[in-house]
There are 2 protein chains.
Amino acid sequence: MADRLRAGVIGLGSMGLGMATSLIRGGFDTLGCDINAEALERLAAKGGQPVASPAEMGGRVDIVFLVVVNAAQMRDVLLGANGLASTLSTGSIVVGCATAAPDDVIALAAELAEKGIDYLDIPISGGSVKSAAGELTLMASGPSEVFERAQPALDAIAATIFRLGEAPGQGSQVKLVNQLLAGVHIAAAAEAMAYGIKSGCDPQTLYDVITKSAGNSWMFENRVPHIIDGDYTPRSAVDIFVKDLGLVHDTARAERFPLPMTAQALTMFSQASSMGHGREDDAGVVRIFPGIDLPTQAAND
Amino acid sequence: MADRLRAGVIGLGSMGLGMATSLIRGGFDTLGCDINAEALERLAAKGGQPVASPAEMGGRVDIVFLVVVNAAQMRDVLLGANGLASTLSTGSIVVGCATAAPDDVIALAAELAEKGIDYLDIPISGGSVKSAAGELTLMASGPSEVFERAQPALDAIAATIFRLGEAPGQGSQVKLVNQLLAGVHIAAAAEAMAYGIKSGCDPQTLYDVITKSAGNSWMFENRVPHIIDGDYTPRSAVDIFVKDLGLVHDTARAERFPLPMTAQALTMFSQASSMGHGREDDAGVVRIFPGIDLPTQAAND
């Protein structure tokens, strides 16, 4: 048997920790790094090896997943002080999983290429439950030769892998289209529930009918239970969609391309954040609607 | 065996003709009425009996489905010149299937009650294919006693029946929530495809990825193939959503309740209609986005 493959995950939030768990289950020696000490403890409890900085990880892994929030954090982790790129071996693979603007991803890949480091542009979709189960959806672009070397690690974390071309940026672009829809659909689900409640409909009945009708969406089905339960514990936060819809909006604005639904949904998430709900679950965008009695956790107990 | 039940359908568009077909298949003597002579010929070809006016139908049926466009048309069919109510027997049942404001439905039911005619508020969902298959979703409200008498006819047209209360208006209100989501999701699907195409994504690839991801919706899955095929033959037209989102918008405005996503989607459908696309398929709302090369039918041939 060959040496055990060595994988790293930087960013051990709900998505990154789930991916690390899947890699461990898949037989990888798995290192992890996060600025949050509790996240490192959770990794150790799953059988992973915490490290103190990206630079400390670089020499000890063949492939590293960057599961951070945006392109700026990916750049900092790679090229900043104590960055990965200072210690990664030639031919090692960086997998960028953050939702990012295609142009930023293209630039990052080019800088790493100068150092002999390979880059795969692989944003992820599926949420924390699928992440922990090794059943993510990957929107992957990058050179086939690099992809093939990465495949065992990708198979450990994913149920579905879309190959979207040879060039970095193509995966990120498709992810942005997905985020446009995801954000708009959460805002629409919140608006529909607010309108229904205002009109005297029972929230659970609305859920039962809509999820069997043409008004359904993946997000309606997934997020409306949070509204019905009055539970805004963040699985994914309002501010994530302020960020992601902002990114979609900015890439389109650079081309002077109009995105009316995106702009409206972004305004709604921004309003929720400004009201103090930025770190609550994204279904909490429903709290922007005034004059309705939303279900509360107390009422459900 | 009891006498054959006698049913009528007024409005023989794609939904009404499908329902009449399902009633015939279910063993009902089925009468139909429409201002379009071709629609009457299609009914006769299916084994139904065309009649010349609602009044002519009234004395010959036990239950009548109104499959017209809005509350004003339902009112006209019932109470206008040669209206149904002038000939319907006491205890016969009118089933209102149009998407309508709850207050209009409540008023109509009350006027019919004075004449001894029973009313069920049962908007429908599912599209023309499910209509012809007898597999519609019904959002039904009305008195249980009336509902039970109507049940054999409802079973002939529906796969799923939601009982939403004893009072007329409750079915219509839930239908409006569904239409809010349906319209917003079509507008969002169009915007996402326009943005993706502008950004260089392949339309079919976008469809394949999104339908397996968190950005999916029933409408995305159903309508985006029309965009990919460049085929705007109307299954349901742009102007239907100008009407339905307008109805949602108006009911909320009466309560001074804000619906930002609805308002934006309504603007987009109105824009498409003003550009001359009102009678095209509702996926044609994508044509409002300038500066992109949409797929064309010619390219697909």
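In this predicted model, 56 residues from chain A and 56 residues from chain B form the contact, meaning heavy atoms within 4.5 Å. The two chains bury about 4700 Å² between them, where buried area is the accessible area (1.4 Å probe) that two parts lose on being put together, summed over both. Carbon and sulfur atoms account for 76% of that area.

**Conventions**

- The model is predicted, and local features need pLDDT of at least 70, side-chain atom pairs count only at pLDDT 80 or more, and totals for chains, interfaces and linings use all residues. Residues are numbered from 1 along each chain as its sequence is written, chains are lettered from A and ligands numbered from 1 in the order in which they are written, and side-chain values use heavy atoms, with hydrogens and water left out.

**Contact between chain A and chain B**

- A:Tyr195, A:Phe257 and A:Met261 supply 17% of the area that chain A buries against chain B, more than any other three residues.
- There are 0 salt bridges between the chains (a side-chain nitrogen of Lys or Arg within 4 Å of a carboxyl oxygen of Asp or Glu).
- Between the chains, 18 residue pairs are in polar contact, both at pLDDT 80 or more (a pair of N or O atoms within 3.5 Å; within protein, one must be able to donate a hydrogen and the other to accept it, and residues adjacent in sequence count only if both atoms are side-chain atoms).
- H8(A) gives the most to the side of chain A that touches chain B, with 19 residues; helices (H or I, at least four residues) are DSSP runs numbered from the N terminus.
- That side of chain A divides into 36 nonpolar, 15 polar and 5 charged residues; Ala, Val, Leu, Ile, Met, Phe, Trp, Tyr, Cys and Pro count as nonpolar, Asp, Glu, Lys and Arg as charged, and the others, Gly among them, as polar.

**Helix packing in chain B**

- The axes of H11(B) (residues 238–254) and H12(B) (residues 260–277) come within 9 Å and cross at roughly 150°; axes are lines fitted to C-alpha atoms, for helices over the stretch in contact, and angles run from 0 to 180 degrees between N-to-C directions.
- The contact of H11(B) with H12(B) comprises 10 nonpolar, 6 polar and 1 charged residues.
- H8(B) (residues 170–198) and H12(B) have axes that come within 9 Å and cross at roughly 60°.
- By class, the contact of H8(B) with H12(B) has 8 nonpolar, 2 polar and 1 charged residues.

Note on methods:
Helix = DSSP H or I, 4+ residues; strand = E, 2+ residues; numbered from the N terminus.
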